[in-house]
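Here is a short tour to read with the model open beside you. Take it one heading at a time and follow along on screen.

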Amino acid sequence: MAKIVNITDKLEMDGNPFLVIKDEKLEVNADAATMLKIMGKYGDLEESEATPKDILDLYNLMFPEESRKKIEKLKLSFNDLTVVVMEAQKLITGAEDDESEGESQTPTTT
């Protein structure tokens, strides 16, 4: 009889992470195929080095259609969109391990 090993408990299958902008939750594709594409092509890309084509490629890879529609409704400037894309890249590649949850970090308003 062939050996069968169930590794389900060792896997993190909680779904995709989210970025929050204002009250919008934006899903970020974090599946292995997307992550490998991003790391392979853009892993060492610094925000200051990103071309508009790089930003567009990353944007289309990382955000599902529903999230892209929400982002478009926010009418972000290109600089702000670049920040969103770079933060999403950090989120899924683990480039920046932030101990606290994004939702618990609410800026104070005056």
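## Around N29

Setting aside neighbours within four places in sequence, N29 is in contact with N16, T34, L61, M62, F63, P64 and I92, where contact means heavy atoms within 4.5 Å. N29 sits in the loop between strand 2 (24-27) and helix 1 (32-42); helices (H or I, at least four residues) and strands (E, at least two) are DSSP runs, numbered from the N terminus. A polar atom of the N29 side chain lies 3.1 Å from the backbone oxygen of L61.

Is N29 buried or exposed? N29 is buried, with a relative accessible area of 16%. Buried means under 20% relative accessible area, exposed over 50%, and partly exposed in between (1.4 Å probe, protein chains only).

## About the model

This is a predicted model, in which local features need pLDDT of at least 70 and side-chain atom pairs count only at pLDDT 80 or more, while totals for chains, interfaces and linings use all residues. Residues are numbered from 1 along each chain as its sequence is written, and side-chain values use heavy atoms, with hydrogens and water left out.

## The overall layout

The chain has 4 helices and 2 strands, and from the N terminus on its elements run β-β-α-α-α-α. Of its 110 residues, 25% count as buried. Among contacts with a separation of 6 or more, 62% are between residues 24 or more positions apart.

## Helix 4 and its cover

Helix 4 (residues 78-93) has 16 residues and reaches 22 Å from its first C-alpha to its last, close to the 22 Å expected at 1.5 Å a residue; the expected span is 1.5 Å times one less than the number of residues. Just after helix 4, G94 takes a positive phi of about 75 degrees.

Which residues of helix 4 are buried? They are L81, T82, V84, V85, M86, A88, Q89 and I92. Their cover includes strand 1, helix 1, helix 2 (52-62) and helix 3 (65-74).

## S67 in helix 3

S67 belongs to helix 3 and is buried, with a relative accessible area of 3%. Leaving aside neighbours within four places in sequence, S67 is in contact with L26 and E27.

## I7, ahead of strand 1

Now for a residue with another setting. I7 lies in the segment before strand 1 (18-21). I7 is partly exposed, with a relative accessible area of 42%.

Note on methods. A polar contact is a pair of N or O atoms within 3.5 Å; within protein, one must be able to donate a hydrogen and the other to accept it, and residues adjacent in sequence count only if both atoms are side-chain atoms.
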